[in-house]
Amino acid sequence: MTSNDPLLQPYQLKHLTLKNRVMSTSHEPAYSEDGMPKERYRLYHAEKAKGGMALTMTAGSAIVSRDSPAAFGNLHVYDDRIVPWLAELADSCHEHDCKVMIQITHLGRRTGWNKADWLPVLSASPVREPAHRAFPKTIEEWDIERIVADYASAAQRCQAAGLDGIEFESYGHLMDGFWSPLTNHRDDEFGGSLDNRLRFTDMVLDAVRAAVGDKFIVGIRMVADEDFENGISKEVGVEIARRLASSGKVDFLNIIRGTIETDASLTKVIPVTGMRSSPHLDFAGEVRAATKFPTFHAARISDVATARHAIATGKLDMVGMTRAHIADPHIIRKVMEGREHEIRPCVGATYCLDRIYEGGEALCVHNAATGREATIPHIIAKSEGPKKKVVVVGAGAGGLEAARVAAERGHQVTVLEASSQAGGQVRLATQNPRRKELIGIIDWRLAELDRLGVEVRYDTWAEKDDVLALSPDVVIVATGGMPQNSPLTEGDNLVTSSWDIMAGSVKPAENVLLYDDNGGHQGMGAAELIANSGSRLELVSPERFFAPEMGGLNHVPYVRAFHEKGVIVTINTRLRSVRREGNQLVAELASDFADGWRAERRVDQVVVEHGTAPLDDLYLSLKPLSKNGGAVDYERLVNGGDIFPARNPEGGFVLFRIGDAVASRNIHAAIYDGIRFGIRI
Ligand SMILES: Cc1cc2nc3c(=O)[nH]c(=O)nc-3n(C[C@H](O)[C@H](O)[C@H](O)COP(=O)(O)O)c2cc1C
Ligand code: SF4
């Protein structure tokens with residue numbers, strides 16, 4: 001059946017037929033091993049290919065030269081050993097008629113000198129990049145010769161691997177470092193006029209074309225407006241795009257607006273939850289209109305309706321839905337099968353990207369299968385064993401995930417929830433209006449449970465007998481936790497929890513001290529609410545920098561609010577005690593560094609965030625009655641086999657607990673528990 005959905009129309013890029021209009025733009029998930037895209041990397045892209053995507057742009061900035069050390073697990077495309085790995089990856093996507101390209105680059109100043117081979121970092125001019133903090137040397141003529149040659153041989157490796165094309169990364173890296181007046185202060189033939197500033201790019205293009213010929217697809221992901229004082233203006237950026245389009249050397253433009261040299265500016269290029277949807281789509285459309293050239297673009301086009309609009313209105317030829325596919329690699333298949341409503345939404349949490357900047361690998365806050373395709377399936381298979389009665393206690397993110405997975409396995413699932421609504425701590429987090437999109441994590445699961453016929457009983461405080469009355473084969477305790485206090489020498493009863501603030505059960509007072517030694521969104525969310533309510537706020541943290549559990553992109557909107565509202569931030573300082581004096585509270589502060597150092601703050605309210613203590617009464621009461629005594633074989637959980645050891649022959653059911661009912665963790669941990677236990681029942 002042919003569809004008239006604009007998104008599903010094929011696109012002819014030179015000799016290459018892309019079967020629809022949806023792509024994943026380049027992003028380094030940091031799944032590489034020794035700079036090579038091995039099994040994990042391949043399975044990750046193959047899943048998107050299975051899901052119906054037309055084009056996956058692999059790697060994030062695969063590095064062409066040794067003196068461009070990986071900033072976050074980038075692939076080593078300067079190394080011949082990459083060819084067979086790329087070939088295997090390409091084959092596994094081609095099997096599903098998904099085309100595969102790769103982004104290659106020299107990172108320039110956007111990396112560190114104290115990594116890999118400890119070679120100096122370089123750039124057009126010695127201007128430091130704030131995000132990576134390296135002071136680059138000025139690139140010399142012998143560097144230019146060598147790096148141009150490196151681009152060419154890297155492109156040849158990609159071609160030899162059977163990839164369908166390459167794109168150059170030209171925003172925030174070496175190539176556009178020559179373009180921008182912010183980073184190019186040269187007075188030689190590589191500086192000054194636009195012709196001069198494009199000279200390095202021309203040299204690379206000529207060398208690459210000489211190496212790979214005319215047939216191989218070569219594109220460029222380029223900044224067409226730095227939107228930054230004294231940076232590349234829109235006029236100059238569009239002119240660069242025009243020149244590249246008419247050069248006959250590139251086959252597509254992939255448009256970026258903004259700079260990436262600080263976390264704050266990066267969020268304008270890659271907006272996070274609460275920021276505008278598709279902020280640069282119209283601009284990308286303007287570039288397409290000005291160049292009449294194949295135009296690709298991605299920036300928070302998270303939903304199918306916006307993507308469809310981008311194509312239908314002729315703003316783009318190919319629409320990037322990158323994080324959307326991290327959240328759900330099967331978007332296109334669902335669109336084709338009329339199951340658009342089943343798409344797991346990208347809620348913009350940007351846990352994925354923040355993790356790579358913190359040295360981790362990209363993981364989706366609410367799809368624990370992404371990046372774990374070898375062990376966790378995106379499509380849950382039906383159980384081959386008997387249908388079981390499964391009782392899940394708690395309808396937070398973890399409980400709902402466990403219920404969803406168990407129901408997909410074909411079991412009969414009942415969820416018992418103490419409150420009148422599902423969502424637990426995720427719902428609490430959405431009381432910060434800026435983060436209300438996170439409710440998609442809950443709503444998607446509730447819709448799936450509905451589809452799967454799972455009953456959710458609200459306002460049901462489950463005691464042992466309530467659970468036993470359902471004669472379960474499996475009991476999953478997902479009761480979460482309750483806020484706990486930091487250890488104080490006195491004044492436990494005088495402090496307010498961050499939950500009370502988030503839930504609105506306690507209003508922020510006029511003058512507030514918030515002490516956060518948990519270091520994640522919980523404390524920051526409460527701080528943002530307090531600051532926005534007009535209170536005077538001092539945020540106190542014992543850490544070297546506040547909220548260390550949260551990544552750089554998520555940091556941005558909080559700090560914006562703190563600056564705008566005049567919040568005082570005090571680090572390296574512990575809350576020791578709280579006492580009442582008159583109608584005020586006195587917070588006594590101490591230092592881990594200077595014994596005996598004390599300071600005091602007189603405030604109206606002290607708010608504390610110290611994570612949660614598990615709500616485990618139900619679990620403990622069911623333990624003696626269970627077959628496995630609540631035990632889990634971790635070795636088998638990780639490596640395969642029956643994960644519930646038989647410890648009690650008299651026991652009537654298998655019991656386990658997940659998420660914060662075990663210990664204070666985060667949304668991803670609860671959801672990962674939900675699915676990895678869920679697929680084993
Ligand atoms: C984990 C992750 C890593 C990324 N790394 C790169 C990269 O190396 N090169 C690049 O051009 N863009 C990179 N991006 C940006 C994406 O290509 C894309 O522009 C961005 O996610 C916005 O599109 P989206 O809203 O559809 O996700 C990365 C994004 C993510 C989520
Ligand atoms: S972590 Fe958040 S932003 Fe990243 S893919 Fe998942 S839902 Fe989207």
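1. A crossing of two helices is left-handed if the near helix is turned anticlockwise from the far one by less than a right angle, and right-handed if clockwise. The crossing of α1 and α2 is right-handed. Helices here are DSSP runs (H or I, at least four residues; strands are E, at least two), numbered from the N terminus.

2. This is a predicted model: local features need pLDDT of at least 70, side-chain atom pairs count only at pLDDT 80 or more, and totals for chains, interfaces and linings use all residues. Residues are numbered from 1 along each chain as its sequence is written.

3. Helix α1 covers residues 39-50 and helix α2 residues 82-94. Their axes (lines fitted to C-alpha atoms over the stretch in contact, with angles from 0 to 180 degrees between N-to-C directions) come within 8 Å and cross at roughly 20°. The pair is therefore roughly parallel, a term for angles under 35 degrees.

4. Which residues make the contact (heavy atoms within 4.5 Å)? From α1 come Tyr 41, Arg 42, His 45, Ala 46 and Ala 49. From α2 come Glu 88, Leu 89, Ser 92 and Cys 93. They divide into five nonpolar, two polar and two charged. Nonpolar covers Ala, Val, Leu, Ile, Met, Phe, Trp, Tyr, Cys and Pro; charged covers Asp, Glu, Lys and Arg; the others, Gly among them, are polar.

5. Now the whole chain. The protein chain has 23 helices and 27 strands. Its C-alpha trace spans about 75 × 65 × 45 Å along the principal axes. Buried residues (under 20% relative accessible area, 1.4 Å probe, protein chains only) make up 60% of the 681 residues.

6. Among contacts between residues at least 6 apart in sequence, 71% join residues at least 24 apart.

How values were computed:
Chains are lettered from A and ligands numbered from 1 in the order in which they are written. Side-chain values use heavy atoms; hydrogens and water are left out. Angles under 35 degrees count as roughly parallel, over 145 as roughly antiparallel, 65 to 115 as roughly perpendicular and the rest as oblique. Contact means heavy atoms within 4.5 Å. Buried means under 20% relative accessible area, exposed over 50%, partly exposed in between (1.4 Å probe, protein chains only).
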